[in-house]
Amino acid sequence: FILRFRRPIAHLIRNQPLARRLTRRALSDTIEIIGTFWYLPALVLVGISLFATFVSAGDTSTALRQSLLCTVLLVLCMVINGLVRRHAQRPHRGHKRHALYSERLKGFFYTLAHLAVWLAFIELGLRVWGMSLIRFTEGDGHEVSVKLFGLGGTLIFAWLIWILSDTAVHHALTRSRKGLANARAQTMMPLIRNVLFVAIFIIATIVALANMGMNVTPLLAGAGVIGLAIGFGAQSLVADLITGLFIIIEDSLAIDDYVDVGGHLGTVEGLTIRTVRLRDIDGIVHTIPFSEIKSIKNYSREFGYAIFRVAIPYNMEIDDAIKLMRDVGQKMRTDPLQRRNIWSPLEIQGVESFESGSAVLRARFKTAPIKQWEVSRAFNLSLKRHLDEAGLDLATPRMSIQVVTAGGGSQTEA
């Protein structure tokens, strides 16, 4: 009957008026839980009653009473666990920086709460049948219970350390300039998580075995010898891994960055756990181990500067040249193709030097990342067109020649 009418009875239990579901949420959730799992206590009641009837040699009243108590305890345990789960699913507002930590820790503590509820149910259920875990731990099973509690405490503590370390690594790797996960997380996350898990598992196992009374000195000695052998046999690989780990965690470079690494200038196409792959302007792909990287020049971070050095024609006033450059810069900022790439007005930095009798003006734009060269080319093109319209040539090297005549006079030509 229970198995045949499980769903119809569950529907009848969960069927409530809309007003009650909207106003009395806690009661509605409790009824929802009971309706979903009503058949489990019923099956437990039937099974325990039959078992207790045979064990008690036909004392059906005692068996039925104990079965009912166990069933009530099971229903209470399920309801409490349902309420705990409902509270766990409730959204909590917190600081975005610590949201990931709070979410993982909340799941950890709610799991411990579920475990505590089930342990309480087991203890109370055993007391119904005249037994008790607490009396067992205080009596003949004291030594065994101490070892089991030590083992459980070690596992729970190792689980907590794993949650904190895994969350810290995830937070460090996925935090990028845009606040989104990027290629460094996809590259390093599996490696770091596996290393952390293996390290925590080994340490927790050794501590648990020590708490169980075993001699762990040979295990520690063997692990030290194996680690020493691996360290000597793979020095370059370890150097690549460690250097790459710090480079990627610090977010010094990422996919699609335009960088100068190890004397090679190009766009980063890929990152592995020990190498960086970039393609230069000629299309050549360079694969560079992390241990060979001494410095990184990244042209793709936050913003760039388009630098201009303009040699002023000799027959043009310096103030007119500055005004012309400002006009070109203002026109560039209103250009639909370039205004998104230019983030500041044209900054005239003054006369930088004199070359072949001409003054060299220095100016710059603050631009979007990797757009500084495109802005520079567009500015130079626009400036050349303005000079052509004004009938001026760009400054070119000039030479003064003095011709001495036979009569001692001189004639100078430019």
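1. What share of the contacts in the protein chain with a separation of 6 or more comes from residues 24 or more positions apart? The share is 59%. Keep in mind that this is a predicted model.

2. Overall make-up. The protein chain has 414 residues, and 31% of them count as buried. Its secondary structure consists of 13 helices and ten strands.

3. Surface. The accessible surface of the protein chain is about 26700 Å². Carbon and sulfur atoms account for 62% of that area.

4. Main core. The largest nonpolar core holds 22 residues. Six of them touch the most other members: Phe308, Met325, Met332, Leu346, Phe365 and Phe379. Two strands, β6 (304-311) and β8 (358-367), each supply at least two residues of this core.

5. Second core. A separate core is made up of twelve residues. Among them are Ile247, Leu271, Phe290 and Ile293.

6. Thr275. This residue is found in strand β3, which covers residues 275-280. Is Thr275 buried or exposed? Thr275 counts as buried, because its relative accessibility is 11% and the cut-off for buried is under 20%.

7. Neighbours of Thr275. Leaving aside residues up to four places away in sequence, Thr275 touches Gly270, Thr287, Ile288, Pro289 and Phe290. One of these, Phe290, also belongs to the second core of twelve residues.

Terms used. Residues numbered from 1 in each chain as written. Predicted model: local features only at pLDDT ≥ 70, side-chain atom pairs only at ≥ 80, totals over all residues. Heavy atoms only, no water. Helix = DSSP H or I, 4+ residues; strand = E, 2+ residues; numbered from the N terminus. Buried < 20%, exposed > 50% of the residue type's maximum accessible area, 1.4 Å probe, protein only. Contact = heavy atoms within 4.5 Å. Areas by Shrake-Rupley, 256 points an atom, 1.4 Å probe, with all protein chains shown as cover. Core = buried A, V, L, I, M, F, W, Y, C linked by side-chain atoms within 4.5 Å.
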